[in-house]
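Here are some exercises on reading a protein fold. Try each task before you read its solution.

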Amino acid sequence: MEEGVERISSNDLSKRMKVTASQIRQDLNNFGGFGQQGYGYNVKYLYTEIAKIMGVDRQHNLIIIGAGNLGQAIANYANFERRGFLIKGMFDINPRLIGRVVRGVEIRGVEELEKFIVDNNVQIAALTIPKTKAPEIADRLVTAGIKAIWNFAHTDLVVPDDVVVENVHLSESLMRLSYRVCSMQDQIAKEEKQRAEQASKKEKPERKALS
């Protein structure tokens, strides 16, 4: 929409998303379609429907537990608000951080956690704290009514079935990136070696003919 495109085909989406056109059509059809054969997809309508599916067509109140570098980086990312995620509060145990304001959000002490969740109708909490503290804080969040935890602490959380946890392991993500980069480099080196060998084979008959 930002590029002024009014409609788009599955082939165009395929080029942008690096996924096959048939896979895109199949995935969208699982939710009812949205496109017309020979026309493609109306971009505005598709955007609206996908937003409904993803639940980003409504506001989600969010808090951040842990106001260190990672917590502050998340708070400073303005694009979350455009996706419907409103950061209502930040919490920490460090007295040097409590009272500071990060992009309009005050850092509070964790003793205010439960009351703040209830008063501000908070549904989601991001955990950017050491893994040793995460289980205890998670229990407090669940008791206070949190239904979704964005977990950056490198530990598995035990929560009730009606609470969703999305684990984010930065080191694992970096390892996957390293694997993909190395695989790509190895493939390029292999192809260059094959081309060099083929070129060498072509040169040998030519030399024999000259001799």
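The exercises below use this predicted model.

**Exercise 1. Find which residues of helix H1 are buried, and explain how they sit around the axis.**

Step 1. Helix H1 spans residues 10–17. Its buried residues are Ser10, Leu13 and Ser14.

Step 2. These three cover an arc of only 105° around the axis, which puts them on the same side of H1.

Step 3. Recall a general rule. An α-helix has 3.6 residues a turn, so residues three or four places apart point the same way.

Step 4. Now turn to the other side of H1. Lys15 and Arg16 are exposed there.

Step 5. Look for the cover over the buried residues. It includes strand E1 (7–8), helix H2 (21–29), strand E3 (40–42) and helix H3 (43–54).

Step 6. Look just past the end of H1. Lys18 has a positive phi of about 60° there.

**Exercise 2. Decide whether Ser10 is buried or exposed, and list its contacts.**

Step 1. Locate the residue. Ser10 is part of helix H1.

Step 2. Apply the cut-off: buried means under 20% relative accessible area. Ser10 has 9%, so Ser10 is buried.

Step 3. Set aside neighbours within four places in sequence. Ser10 then contacts Ala21, Ile24, Arg25 and Tyr41.

**Exercise 3. Describe the surroundings of Thr128.**

Step 1. Check the burial. The relative accessibility of Thr128 is 16%, so Thr128 counts as buried.

Step 2. Find a polar partner. A polar atom of the Thr128 side chain lies 2.7 Å from the backbone oxygen of Gly66.

Step 3. List contacts beyond four places in sequence. Thr128 touches Ile64, Ile65, Gly66, Leu70, Gly71, Ile74 and Phe152.

**Exercise 4. Work out which elements supply the largest nonpolar core.**

Step 1. In soluble globular proteins, nonpolar side chains tend to be buried together.

Step 2. Take the largest nonpolar core here. It has 21 residues. Those with the most contacts inside it are Ile63, Ile65, Ile117, Leu127, Leu141 and Ile149.

Step 3. Trace the suppliers. Strand E4 (60–65), helix H6 (113–119), E8 and H7 each give this core at least two residues. H7 gives the most, with five residues.

Step 4. Zoom in on Ile149. Not counting residues up to four places away in sequence, its contacts include Ala125, Leu127, Ala138 and Leu141.

Step 5. Look for another core. A second, separate one has 15 residues, including Leu62, Ala67, Ile74 and Ile87.

Notes
Residues numbered from 1 in each chain as written. Predicted model: local features only at pLDDT ≥ 70, side-chain atom pairs only at ≥ 80, totals over all residues. Heavy atoms only, no water. Buried < 20%, exposed > 50% of the residue type's maximum accessible area, 1.4 Å probe, protein only. Helix = DSSP H or I, 4+ residues; strand = E, 2+ residues; numbered from the N terminus. Arc of directions from axis to C-beta. Contact = heavy atoms within 4.5 Å. Polar contact = N/O pair within 3.5 Å; in protein donor to acceptor, adjacent residues only side chain to side chain. Core = buried A, V, L, I, M, F, W, Y, C linked by side-chain atoms within 4.5 Å.
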